[in-house]
Amino acid sequence: MNTSIATTIILTAATLLIPCVQAEPTLKEAFKNDFLIGAALNASQFCQSNAAETALIKAQFNSISPENVLKWNSIHPSPGKYDFSLADRYVEFGASNGMFIIGHNLVWHEQTPAWVFQDKHGQPVCRKVLLQRLRDHIFTVVGRYKGRIKGWDVVNEALDENGGLRPSLWLKIIGPDFIEKAFQFAHEADPQAELYYNDYALENPAKRTGAVTLIHKLKSKGVFLTGVGVQGHYGLTWPTNCDLDATLDAFTNLGVKVMITELDVDVLPFAWDQGNADITRNFALQMKLNPYPDGLPEAMQQKLASRYADLFRVFLKHRDAISRVTLWGVADQDSWLNYCPVNGRTSYPLLFDRQYQPKPAFGAVIKTAQ
Ligand code: GLA
């Protein structure tokens, strides 16, 4: 037999034996010319406790955010005591995989221990003391990861739903300039790091206007601020594409970068429509709020897929301004929406299912890039 006939036979046999798998591109490949694709990681994920999950994270994402380990109560639980053990591993994971590492967050009204605002008798501290504590915290945490954490959510959720400043202890004790002070300290601690203001529901016109006013004020005072993080905790119908579009336009017009920082799409019923019922005791209500304990029906998968595709189409329209889209979690079982605002629900807000398999929403998102 001559060699060319032999080669043909071998190639034909190989083609018949190997199933024709058309591998889908990964998220980071599909959007490589548009924006970074990130995921928020919990400790078990960046400590690589599950091989399938680690492989998925490395394959799909080129940026990471820490779900909790850099929040004040985790890293600085008591006066003068820092615990960097998990945060160090988070940064190490990102650095060894060449990922764009985000720090989240430096100033927030949640997940901040009570001692931060109190003296040793439990009385509120004065402005000077709180500013000093804020400065020490930011210099210590940002300073430790200088050059490795590339972008920080400096201030998280300082606005209320009407667009005014939220009446937090930061505002009450320091005054409205706690925001610019935080940015100033962070910039001094790492002049190369990108610095962001991050918030939710910025698609609602009143809050959007408040945010635009705030960012404009900070920029005109010369505060170093690189971008605005639009959290992106969405539902199937909220926000409208139109409101999202208007919000992305509004921030782009301010000349700052925009990023979607905590994307997920909740398919479960809104818990707060149910008034003040005690959901822990009312079984019928619990069932109503948790309609898919055994899996998401196909029709809902398709709804979720088309919602995700719509969102990514809007993001792509703004690809010149958007530098990153980060999902708040990797696979459905890790999402905060399984325990918040109602504990023990089965939620489906992400692109990968509980077996780490891509959902129809994953394919729909990838298609928007093609
Ligand atoms: C907010 C915070 C995040 C996280 C989510 C829900 O959006 O910024 O750190 O706590 O809520 O988990």
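**Entry 1: Asp245.** I started with the surroundings of Asp245: setting aside neighbours within four places in sequence, I found it in contact with Val314, Lys317 and His318. This is a predicted model, so I read everything here as computed. Asp245 sits in helix α11, residues 241–252. Is Asp245 buried or exposed? I looked up its relative accessible area, which is 17%, and Asp245 counts as buried because the cut-off is under 20%. The side chains of Asp245 and His318 are joined by a polar contact of 2.6 Å.

**Entry 2: the core.** Next I turned to the largest nonpolar core and noted 108 residues in it, with Tyr308 and Phe315 having the most contacts inside. Helix α13, residues 298–317, gives the largest share of this core, ten residues. I then listed the partners of Tyr308, again leaving out neighbours within four places in sequence; among them are Leu263, Val265, Leu327, Pro349, Ala361 and Val365. Asp264 is also in contact with Tyr308.

**Entry 3: pockets.** How much space lies in the largest pocket? I noted about 810 Å³. Its lining has 35 residues, and Tyr200, Gln231, His233, Trp336 and Cys340 lie nearest the centre. Strands β7 (233–235) and β8 (257–266) are the elements that give two or more residues to this lining. By class, I wrote down 15 nonpolar, nine polar and eleven charged residues for the largest pocket.

The second largest pocket holds about 210 Å³. It is lined by 13 residues, with Leu165, Pro176, Ile179, Leu214 and Lys217 closest to its centre. Helices α9 (178–189) and α10 (205–220) each supply at least two lining residues, and α10 gives the largest share, five residues. The lining of this second pocket divides into six nonpolar, three polar and four charged residues.

**Entry 4: cavities.** How many cavities of 30 Å³ or more does a search of the whole structure find? I got two. The largest has a volume of about 50 Å³, and its lining includes Trp108, His109, Asn156, Glu157, Arg166, Trp170 and Phe178. That lining has six nonpolar, three polar and two charged residues.

The second largest cavity has about 30 Å³ of space. I found Ala40, Leu41, Asn42, Gln45, Glu67, Trp328, Gly329, Asp334 and Ser335 lining it. Their classes are three nonpolar, four polar and two charged.

Terms used: Residues numbered from 1 in each chain as written. Predicted model: local features only at pLDDT ≥ 70, side-chain atom pairs only at ≥ 80, totals over all residues. Heavy atoms only, no water. Core = buried A, V, L, I, M, F, W, Y, C linked by side-chain atoms within 4.5 Å. Buried < 20%, exposed > 50% of the residue type's maximum accessible area, 1.4 Å probe, protein only. Helix = DSSP H or I, 4+ residues; strand = E, 2+ residues; numbered from the N terminus. Contact = heavy atoms within 4.5 Å. 1 Å grid on protein atoms, 1.4 Å probe; cavity = no way out; pocket = protein on both sides within 12 Å on 5 of 7 lines; lining within 4 Å. Points joined across faces, edges and corners; volume = space filled by probe spheres on them. Nonpolar A, V, L, I, M, F, W, Y, C, P; charged D, E, K, R; others polar. Polar contact = N/O pair within 3.5 Å; in protein donor to acceptor, adjacent residues only side chain to side chain.
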